[in-house]
Every structure is written in C-alpha cells, then in structure tokens.
Amino acid sequence: MAQKNIAVSRLIPSEFFEPNLRLYSFIFLIAAASIALYLFPVGEFKGYIDPFYSPTILVLPLVGLYRLTCYAYRKDYNRHVFKHPVACPVYTRMDGPQRSYTGETSSLFKVENLHRYFLYSAIAILPFFYYDLVLSLMYSGGIILRIGSIVLAVNAVLITLYVFSCHSLRSLIGGRKDCFSCMANASGRKKFYDVQSGLNAHHEQIAWASLVFIVFTDLYMRALSAGIPLDHVIFHILKL
Amino acid sequence: MVAYDRVETDVLVMGMGGAGLRAALEIVSRNLKVVLVSKSLLGKAHTVMAEGGIAAAVANVDSKDSWQVHFSDTVAEGVYIGDYRMAEILAKEAPERVYELERYGALFDRTPDGKIMQRAFGGHTYRRLCHVGDKTGLEMIRTLEDRVLHTGNAKLLDETVITKLLACNGSVCGAVGFSLRTGKFIVFECKAIIVATGGLGRIYKVSSNSHETTGDGIAMAFEAGAELRDMEMVQFHPTGMVYPPGVRGLLVTEGVRGEGGLLFNTKGERFMLRYSPEKKELDARDVVARAIYHEIQNGNGTEHGGVYLDITKKGAAFIRKKLPGMYEQFKEFAGVDITKEKMEVAPTVHYFMGGIRVEPETARTNVNGLFAVGEAAAGLHGANRLGGNSLADILVFGRRAGISAATYAATSVAPKLDYREAEAEISRINSFIDEAGRGSTNPYEIIDELRDTMSSKVGIIRNGKDLNSALQTITVLKERAKSVTVKGGVRFNQGLLGCIEMEKMLLVAECVVRSAIYRKESRGAHTRSDFPNKLKEWKLNIICARNGSKIDLSTVPVPEMPEELNALVKPEVYA
Amino acid sequence: MKAENKKEEGAKTGRTRKFKVYREDPTDGKGGEYQEFDVQVEEGMVVLDAITYISQRVDPTLAVRWNCKAARCGSCSAEINGVPRLMCKTRVDTIDGTITVGPMRAFPLVKDLVTDVSSNYEIEKLMPEFKPKEGISSPWRMNEMDVGRSQEFRKCIECFLCQDVCHVVRDHHAAYIGPRHVVKAASLDMHPLDTLDRSEWLTADGGLGYCNVTKCCQDVCPEHIKITDNAIIPEKERSADSLYDPIISLFRRFSKGKADRKQ
C-alpha cells in the first residue's frame, strides 16, 4: 500500500493525496472575497443577502482568525505551507533537521492558544446567518420559499456545524473536566459531550464543506443578480 | 581473562512481568537494592497478552461470592492436586491486591453503581473477573511499570539474558548473563533471587504465548538445585488460530463461543453434540479441546489442521459490537471476515501449571535464597488453571515473594561468589560463537524439531508410546545440541539467543515428558489414552529433582486439607 | 475442488519476495546499507515472519527486536517502505515490489533494526505520577461514564511508532516529549480521581507547544488511539486554560486573592 503511494507521489505532488483542499479553498475564498467585495458589490437582491454583505462582514477578520487558528486549518498550513511535514511517510515528508522549527511556541503562533475567543465571536455571529435566512423567507410579505433560501439555510447549518464541532468547544463543554458525573445534570452533559465529540471527529471535513458552500452561496447570489434565472419559487403563502 | 561487568544487589528479580514488577515494589519499599532483569524490553512481558481479567472475590456483581467459593472453585478445578494453602491465600488476598492496583492508578471497567466490574468465566461459580476491556494484563503491567519507574530505586536491566544461577554452599549468590544491547557479560552478586520468568509455552510449535516464554527460569532454577513439580500439566486452550502459518496458535477468545459461535468439522457436522450433548460448545476447556483434537485426528479437520468455528449467523452488526478484537485479528492477520466466513481453529498451548516447587506462604524454593513466583512457580493451579487466576496469582504471590526475598536478603550475609565459576560460564557462552561455523548445527533446527515433537507427541491426548518416542527424540536432540554454533557477536544475536534458549527448552521439555510418562492416569490437563481414568492412588504430585546430569522423579502425596477448608470443597469423585 | 485449492496454494507459496533490510553496526563505524534477501513467502505472511526467518535461518547476526508476534507487545516497530509500522501487523501481500525494512530513525541505533528506546522510560520517570484524591473511602467508586476517555489511552502498547513518525521528535530534536507521553499524561489527567493537572508541566517541561497538530502520530497508531484529537488537543486546551487564557487567569488571580484573604 505504502509502496504504491510513494510510487505515485513522484508523478503528482503528494499534497494531492492529502486532505488539503480546505487550505486551497481558504486561500481562494480570501482572494475571491476581497475582489468581490470591492469591485463587484452586490448587496441585497430580492430579499437575499449575500453572506459577504450581511452584518457578518463587519467581523470578517474575526471569522478569518477563527478559521486560521482552527486545529483543522493548522494541520493544513503546517503541512502544506510550512511543510512541517508535508506527509507522514518518511521519504516524502520534506522536513528535516536542517530546517529550523519552533512549532507553536513562537510569539506569533502562541495566538493559536486564543482560538476559544475567536470561537466565542463566531458563536456570536451565527444568529445573523439565520436572521438573513428569515429575511429571505419574509420577502414580499407572507412566507416565500425559494431555492435561494434553501441555499442560505444549508450555508447557515454548515457554518453552525463547523462552529459546534470545534475542539475548543469540546474542551469547554466537558473536555477540561476529569469527572462528568460530578457535574450537575451529569448524563445530559455527557450526552452533549459525546454528540459534540462525534461531530468533532469530522471537524476537518465539515470545515471544508462549510467553506466551499460559502463560496457557492456567494456565486449563486451573484448569478441571480447578474440575471441568470436560477431561482425558483417552491411555495408562497400570502399574508392572510 | 574474560571481561565482564559486575552488578551488586540485595535481590535479583528475573522477569519484568506482573510478578517481577510487583515483587520489586516490596523490595524497594524496604530500602533494599533490587535489580530487575528481562529478556525483552520493559513492559513487553507476556503479561500484556492476558485479556480476561483478574479473579478476585470482591462480590461487586454477584453478592453471594466470597473467598470461600473462590477457594473451592480453584481447588476443584485444579482436580484436587493443587496446593490448598496457595489457593486459600489467593482467594483471601486477591481482592486487596486488586484494590491496591486501583490505588496505583489502574482504571477498571465499572458497574452501574461505580464499583469494579466483574465478568463471568469458565469454572468460576460467580462473575468474578475484574477487567479492563480485553486488555487487563496490559493495564496491570503499565500500572506496575509506572510505579517501579517512579520509585527510582529499582535498577532495570531489560534486554538482558541470564544464562546461569550461581550457588555457593547450597545458597544462591549470583547469576551470569549478558546484555543484548551492549553485548557485555554481567556477573550479578546478590543475596536472593526471585524467578518470575513465566512459563514454557514456546517449547510447543502451536502456542498462544509470547516467543520469549521458553522456560528459562524454570530450567535455571532446576540446574541450581530447585525441585520442580506438576511438570506434566500443560493447559491447552481449545481455540487458537490455525491459518495463516505465521499466526498459528494465536488465541481465539472463549467469548466467540460464549456469544454463540458453533464448531463444525469438514463434513459440516456440529460435532460437539456428539461429545457433549448437554453443554455442547461451552463445556470445559479440556473437554472441547479434546473433542476438536479427536475430530482432526479422525480426518475430519481442514487441510490446515483445524475445525471450523462459525459465528456468521449472529450477523455483522452483533459480531462487530461484541467481538471487535476478534474481528480485527482475523481481518488483519488472516484476511478473514468473521461476519461472513468461518474461522479455522485448533487447540493451542496456553499456560503451564507446573514449575518450580515453592512454599505456599513465602514463595521459597528448596534452595536457600531462591524464590519463584507466577507461571514459573507451581502449585496453585494443580492440574488445571481457572481463567483469571493467573493475574491474581502474580499480584498475590508477587507481593509475597518480594516480602520474603527482602526479609531473607536483609537478614543474611552476602555469600562469597566464586568468580571462576562465573568465568567458566562466560567462556561456555562464548564458545557457541564460532566465525568459521565448523559446519555445525543451527539451533533453530533443533528448536523446531523439539517444537514439532512436543506438539505432535506430548499434546492434549498422550500415550506411553508417543511419550517415549518424544523422550527418545529429546535425547537425540540433546546430543545434536552439543555441536551447535553460531556466527557473529553477542549483541542481539538471534542465533546465540537460540543456543541458550534451546538448552533451557530441551531441559524443561525433558521434565515435561518424563513427568507425563510417570503419571499413569488422566487428570485435568493430562490425558492419556492408555490410562483414560482418574485414579485415587494418583492423587499425588510428581517432583523432578536434579541428580547430577540426570532427572530424578518422585511423588509426594497431596497434603490433607484442614477440616474447615475441606468442608468448603465438593468432594472428589472417582469413576 | 481439493486439487484446485492445492494448485492455487502452490502458486502462492512458491513465490519469493525481495526484502531490503537495513544493516549497520554503529560500533564498527562502517556506516549502514540495505542488504537484499530473497524470502519464500506463504499466504498471510507478515513482514516479521520474513525477518525472523532471515535471523534464524539465514543470518543470525541480523539484530531484530520482537516478542509476542500478535500485535500486543509493541516490540517489532520498524519503518516498512518508509512508513512506521509493526512488522507483525504488516502483511507481505499488502505491499507490491521490494519490501524495505529499516529501523525507527527517531531513536539512536543499536544494531540493524534495533534502536535504543530507553529515552522513553526516562521521560516516563519525569511525568508527575498518579495522585489520587485523599481521604476517599475504599473501595473507590467511579462512574463508568468517567473512565472511558482515560481507558482509550491505556490501550497504548508503547510501540513508540508515534514518537518515530513525529517530525518534532525525529527531525528537530526540540524539547518535546512526544505523542506517546502526551497520551500518558492525558491518561493520568483524565483519571476521574486524579488531582493533578499536567498540562502546565506538559507545556513548560514537555514542550507541548512544539506540536503543530499535523496528526501523523494519529495515523500510525496500531491501536487506533486518536492521539491528536483526544489527547494532544485537549491537553493543549487545558494548557491554554492554565497559561494563556487572560480571563481565566484574571479569574484565578481573583479567586486566589480571595482565598488568601480568607486565610
């Protein structure tokens, strides 16, 4: 097995076998967002608010820092930007004693230890995604469900899952405690911790999925405002 | 002139399994010097292979359990030739040893009300085995290892092979060995030695034991003058893996049958219905092992020499939940998906009830200053061991051996060691190494032939003819062993290790075979087709003693139990 | 049916495979090289079978450490085609082509495939020992829901493959004790009755900050312990609690002051 990987990795960069799409998509997103924000403002379109223009934009730096200090992204950029190491098999890791290394002990990277504060801000921002969703549903009076609202809903759910599968949250809700049964409502909290741990096991995948979907949402909104007829009304209940 | 390092200590502990580590703790706590020696790396001893649990009547699950019941189970299952006093000590002290291990940091599975969880096991009247999943032995050795490392006063010489115990005026006073890592010879000077080197499972070809369990300690103690007992008693586990050859003998837990696994021969017949119509697959280990053996002997076995164990009908979800270890083991090693395919199994050597004869309270042997404990010692299990009693054994008697060795060392004067004897042993070891090779024998040819012979002729069902033929083979092998040499140096030389283990294996194998020939009845693990019945006049223990280069056999009667203990045990029945 | 089986078997067992095994004796100063051996393979054979065959039948001077051959003791750690693995758990038929077997490079070489892993026991000695609460009535009571987390780490067989694969330990010789020992610390910290918090020690003396969560240790663990997710990251979070979190440290200072005043 290992032999095969090594043979193939000589033809194609070994990064392609690593779950590093998150990183590339993150870089792409930052670039796309910057360009889009300043060159092609869209803002609101028929009750849809592009995620980049909702109030969340005000705290974009915090969201960026939340992702930057996230354990999943740390793995990615430590592997693929800093190459410490690129991969685990010893022939392909591209790390070595000749390279200096300080890990997360340098002053800059000690910021990683404050991931929890970025988590707090991310939790604070979450309701706005749902607020935007509700606005899109209330557009035109009454309740209207369009594909665009579903896109916004999926986006909100994915971001929620990403935030709630966070390692810092896992520590906060029980990871830091040695004894669950000593806490009030022990079995409930243990259950919550277990469910969150189950989510946490997929944190890397969720992180990536939510990132991709933000871009998709943005593109969808842009397509609509550019006049491409993608949207479709599923049902519309008029105000009685 | 031979070069060697000298190591001086009060007590030398041979073996870093549970027993050796537990003993060392007692010695350290009495401010005596202790050196532990082990062939393998610290923490790799055969104790890590123990799965089921520690038998201790803490009565957390079944409140009716008590030391009396544990005692009675142990004596009866040992078919009444075990040492009643050892069984009594074990049953009484095991609970405290378990709690002590917990205070050292071991983390057992829990009952709903937070006590130590206990599971059922064959031969135990009540649910009695305190366990940590199926890794109880690993937890035990890690906990003790941690404790010993933190005492700071125990000197640990792992990857060191001891080849000979030295005696002075009838007392042990030292040992000779060498370090695998440095290749340096070491002469140990000490007042007391504890043999905690485990059993001899690897004198058999098919065994569930670690590969270092070659009976070294038993052989060396014997050569130093210690008496051995019950050497014919080798426990076979009914189900070990058969294929692929590399993992032949690897244990297939009793849990598979416990969860509903059924045994079939190649004709598709569920043969246990014939051998044991009532208990079927879940009869005692020796009964099932004999049944499987007969099926294979009668030509109803697979081409790899096994029968089928089938649990597929329980469904994939159930199997993966209840037997995750087995699922993984078969998938990784055999490429067999036990949720879809049948397992191939055959009996495998599992434990050695015999060993060095010891005083029950103190673990002393008949040689001054020499103590033995655990699988290397004999007596507790009699003719058959109960699952879980071995882990209890190493804790209870490990502690006792440590205390008595420390007491002995504290009160005795260091004997004068004869260095010429040590140097002669070093020269002897060195003489195995011969660059030219002299066209001589590879020790592993002899070891493999010995293993084949033991597995085919000294197996589950024995008979006088086969046993004598095995004895003959051993005699021939002993002669051939004289011409064994290897290339290379002392450091991590597998060949040299083979030479040393070969000698020990041949010696203990001869004791096993001679004792098996001597016992003319069938009792517990020792079944003879030519003497199929258990006989009252054989309620004896066979003792092996060294007489020059010969092995002397004799018998001693099993001591009568005091009335109050006798009343606890159901009386022995003869057919 | 039977004949067919035999034929298949013959085809399988008749094959020999090329093994490149690392040979070096550091005491002779000649350096090391890979030596080739052809070994006949049987179905289901593991790499350790081939290596023990060589060391018992072909060249007894080949140094190799092994014991249980059942993936329980963690002795036979090596680098097989560059991947740290247990030799006894690596089936030959899962690898195509030549099989290269070398020692764990993160540790000083003793000889051939054997390395000196004793540094791990030295680290273990420094680890603050299990310290239970005082005055709890015996026998202890613990809730099943509290023991599971620590028990995961107790599956560790100390094969030290995680130490070997860790680029911090292997390449940078930074003052980091390595994944195995963070797992050990976590197993003690998460014992429901343990009173110590080793996270500060892990960061100050154990160099936990050097770990950059690249998760190779978690990938190679033969016991499938989630080393990074369940041990290292929780310990990092705990050390963030005790060392880096400004609000927690303010709060602690406040409550400590209050306690001091009370006394």
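Mentor: Three elements of chain A, α5 (115–138), α6 (147–164) and β4 (233–237), each supply at least two residues of the nonpolar patch. Helices (H or I, at least four residues) and strands (E, at least two) are DSSP runs, numbered from the N terminus. This is a predicted model, in which local features need pLDDT of at least 70 and side-chain atom pairs pLDDT 80 or more, while totals for chains, interfaces and linings use all residues. Residues are numbered from 1 along each chain, chains are lettered from A and ligands numbered from 1 as written, and side-chain values use heavy atoms without hydrogens or water.

The members of the patch are A:Val134, A:Met138, A:Ile143, A:Ile147, A:Ile150, A:Val154, A:Ile234, A:Phe235 and A:Ile237, and together they make about 720 Å² of nonpolar surface. One of the members, A:Ile143, lies in strand β3 (residues 143–146) of chain A. A:Ile143 counts as partly exposed because its relative accessibility is 43%, between the limits for buried (under 20%) and exposed (over 50%), with a 1.4 Å probe and protein chains only.

A cavity is a set of points on a 1 Å grid where a 1.4 Å probe fits but cannot get out, lined by residues with an atom within 4 Å of a point.

The largest cavity has about 320 Å³ of space. It is lined by 24 residues, and B:Glu212, B:Gln494, B:Leu497, B:Glu501 and C:Trp66 are the closest to its centre. In chain B, α13 (443–457) and α15 (494–518) each supply at least two lining residues of this largest cavity, and α15(B) gives the largest share, four residues.

The second largest cavity has a volume of about 200 Å³. Its lining counts 18 residues, with B:Arg142, B:Thr143, B:Asp146, C:Arg154 and C:Lys184 the closest to the centre. At least two residues of this second lining come from each of α3 (84–104) and α4 (136–151) of chain B and α7 (179–189) of chain C. The most, five residues, come from α4(B).

Methods
Patches are made of residues with over 30% relative accessible area and no salt bridge: like charges are joined within 9 Å, nonpolar side chains (Val, Leu, Ile, Met, Phe, Trp, Tyr) within 5 Å. Accessible areas come from the Shrake-Rupley method with a 1.4 Å probe; for residues, only the protein chains shown count as cover. A salt bridge is a side-chain nitrogen of Lys or Arg within 4 Å of a carboxyl oxygen of Asp or Glu. On a 1 Å grid over the protein atoms alone, a cavity is a set of points where a 1.4 Å probe fits but cannot get out, and a pocket is an open set with protein on both sides within 12 Å along at least five of seven lines; lining residues have an atom within 4 Å of a point. Grid points are joined across faces, edges and corners, and a volume is the space filled by probe spheres set on the points.
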